[in-house]
Amino acid sequence: MRTRQDREHPDDSERQGDDDANLERLRQQADDFLAAGDAAIERALSSDSEAFLRSSRQLGGQ
Amino acid sequence: MNGHRHRTPKICGADIELGNFIVGSEQGGRGAEAASALLAALHDQVGAVSDWRSAATGADGGPRNRRDWRRSHFPSNGACAYIDLEHLELCLPEVGSAWDHVAAWHGMLGQVQRALVAVNAARAPEDRIRVTVNNGDGLGNSWGSHLDFLVTREVFDDAVHRRPHYLGWLAAFQISALVYTGQGRVGSHLDPTVGYQIGQRADFLETMIAPQTTFRRPVVNTRDEALSGRSALGPDGVPLARLHVICFDSALAQVSCLLRVGPMQLALAMLEAGAVNPERCLDDPLGALRRWSHDPTLAAKATTIGGASLSAVDLQRRFFEDATRFVEAGGAEGQVPHAERILAIWGETLDLLARRDWPALASRLDWVLKLTLLERTRRRAGLDDWSSPVLKHLDHLYGELDPETGLFWAIAGQGGLDRVVTEREIEHLTSEPPADTRAYGRAMLLRHVPVDTIDSVDWDSLRFHLRRRHRVERWKLDLGSPLDLTRDSLGGRLTGPIDGDRLEALLLSLGGEPDPWRVSSAGTVAVRVTTGDDPYDGYTTTI
C-alpha cells in the first residue's frame, strides 16, 4: 500500500510482499463491492475538482 | 487498583458539526447561508421548539453570536440542532447504549438528508447546498465530532486535575483508538509527503489537555459545562460531570460509529474503578498520534513510558485485554450496557487490523473503505500523485450527505457494509427518544406542554411560565442528572395536553421549582413566596 508521495515507511520493507498480496486481494474484491460508487466517482472525475475544492472552504469550527 | 467510591452509567451524548457550503461560491464564505437554509428545512420537516433567546439577531440582521445560533429542540426524539460558527450542529439525544448512539446518529443524518434534498429541490443547480459528514475542508479548517460521557465528578477531577497517569492513560487510549475511529483523509497540512492518513482530526490536535475546542485543540478536553450541571447529582446523590471527547472523527460506517462509543464507555468505567495501568501511557502522545495517523499501513511504532515500542493496534490490543479482564470480573455491570458485545466487536476489529485484512475492514471502518475507493480510482484513472485535486474531491464526496453524490451512501445502499443496527431501530430513534435517559422526559414535555408555555430549553433545565389571572409564574425544572426523567421513572404522567394546574402539579412532582426572580412578560417580577420546605406551600405575587 503506497500512501506517501516519495518514500516508504522505514519499517515497511519486509512487509512489502504481504502488503502487495493484500492490496491485490483488496482490489479484486473492491471491483465488485465498490462498483456502486462508480457513478459518483465518474461524475467527480469529469467535473472541475479544483473549483469544487475552492468552494468547499469553510470557517473552522470546534 | 485504586478505585473510586462511586460509579455511574456511562450515558453518552454527542455534538457533531457538519460541513456545509454552496457550490459555485468559490471564495467560500457562504457557509452561514447554507447552514441557515438547511436548519430551516430541518425545522419544516421535523418540527422544533426553539429557544429564541439565542436566536436574537444583531444590528445587521445576522446572528448576534456566531456560536450557538438558532438552537432548537426536537420533540420527536429529544435531539437538538443549531448553527455554530457557520456549521449545522447536531446534538444527539443522550443514550445509555452504544447501539442506540449508532441508531440515533443515523436517524439524525437521515433527517438532515431529507431536509437537504428538499431544500435543494427549490434551488438552481449552480446554487446547490452541499453537506459533508467529515471534519475538515482540506484547506486548513477543521470542525468537530464530539462525544459527551457521563462520569462521576470524582473521576473527572482525577483525570484532568489530580492524577497525571489517569490523563496519560486516557490520552493513550483515545489516540490509539484512531485505528477504528478514523474516517481517513487525503494529505496532511503538516507533512507534504503524506498521501493518505487515518485520521481527519489528528493533525489538528496540538496539545495534551486544554479547555478550548476551536484552536490549539487538545487530546483531552477539560471543558466542564452542562451535559450534567456543575452541581448535578445522580440518583444516589453522587456528584456527576460531563467528559467532552473532541478528538475522534465523524463516523459513517456503523461499526466505526459503535466503536467510537462502546470501548470509550468501558475505558471510563475502568478509570472509575481505578483499573489504570500506567504502563499503557505514551512517552510522546502527540508524536504517536501523528506517526500512527500518517501511516495507514499500520506499521508505525511509538514508545510507551515503560519503553515498549508498539503500533497503535498493539497498544489497543493491550487496552482490550485489560478491558476484557475488567468486564469478566463484573466491573462494567450497571455502567456499560452490552459490555460483552462491545468486547466482541472491538476484539474482532483489532484482529482484522492486526492481519491487515483490508477487504473485511472496508466493510466496517470508514478510513479503510475510503482508502479502498481511492486506491481503486487511482488505479483506474492513473492518478499516481496523491496531491491530485480529484483525490481530495473524492475525499469530500465520501462523506457527502446527498444520496446521489455521496460515496458512502452509494456503497451502503448496496447492502455490503457491516451493520450493527437495523433500519427499524434507526427509524425508532428518528421519531422517538431513548427511553433510559432524560432525553425521554425532555421530548415528552416538549410534546405535551403548549409551546407558548415554554420559556427555554437546555440540556440541564427546562423553564416554563404559567399564566394566572393577574400574574405570570415562572418555573424551572432541573434536569441536571441525565439519569432522571426516564420512561420508567415517569410512568404514564406525560400524556395528553399538559398546561395550567396540571403542569404545575406535574412540575412539583418532578422536583420543579418556582423561579422567583425572573421577569414576567408583562414587565413585572413574579415572586414565589414559600412558607415552608414545600415550594407549593406558599403564594406568588408580583412586584
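Two strands are said to pair if DSSP finds at least two bridges between them. The exercises below apply this to a predicted model.

**Exercise 1**

Find which residue in β5(B) stands opposite B:Ser72, and describe how the strands around β4(B) pair.

*Solution.* 

Step 1. Begin with strand β4 of chain B, which covers residues 69–73 and is mostly covered, since 5 of its 5 residues are buried.

Step 2. Turn to strand β5 of chain B, residues 80–84, which pairs with β4(B) in the antiparallel sense over 3 bridges; here B:Ser72 stands opposite B:Ala81.

**Exercise 2**

Work out the strand order of the open sheet of 4 strands in chain B, and explain why one side of β16 and of β19 is left without a neighbour in the sheet.

*Solution.* 

Step 1. Read the order of the open sheet, which is β16-β17-β18-β19 in chain B, with antiparallel pairing.

Step 2. Consider the edges, where β16 (454–458) and β19 (513–514) of chain B stand; each has a single partner strand, and therefore one side of each lacks a neighbour in the sheet.

Step 3. Follow the pairing at β19(B), which is joined by 2 bridges to the antiparallel strand β18 of chain B, residues 472–478, with B:Trp475 placed opposite B:Pro514.

Step 4. Place the helix that packs on this sheet: α17 of chain B, residues 500–509, touches β17 (461–467) and β18 of chain B, and its direction makes about 145° with that of β17(B).

**Exercise 3**

Identify the residues with the most contacts inside the largest nonpolar core, and list what B:Leu170 touches.

*Solution.* 

Step 1. The largest nonpolar core has 172 residues, and those with the most contacts inside it are B:Leu38, B:Leu90, B:Val112, B:Leu170 and B:Leu394.

Step 2. Leaving aside residues up to four places away in sequence, B:Leu170 touches B:Ala159, B:Val220, B:Ala267 and B:Leu271.

**Exercise 4**

Describe the elements of chain A and state what share of its residues counts as buried.

*Solution.* 

Step 1. Chain A has 3 helices and 0 strands, so that, by the run of its elements from the N terminus on, the pattern reads α-α-α.

Step 2. Of the 62 residues in chain A, 29% count as buried.

Notes:
Residues numbered from 1 in each chain as written. Chains lettered and ligands numbered in written order. Predicted model: local features only at pLDDT ≥ 70, side-chain atom pairs only at ≥ 80, totals over all residues. Core = buried A, V, L, I, M, F, W, Y, C linked by C-beta atoms within 7 Å. Buried ≥ 20, exposed ≤ 12 C-beta atoms within 10 Å, placed from the backbone. Contact = placed C-beta atoms within 7 Å. Axes fitted to C-alpha atoms, helices over the stretch in contact; angles between N-to-C directions.
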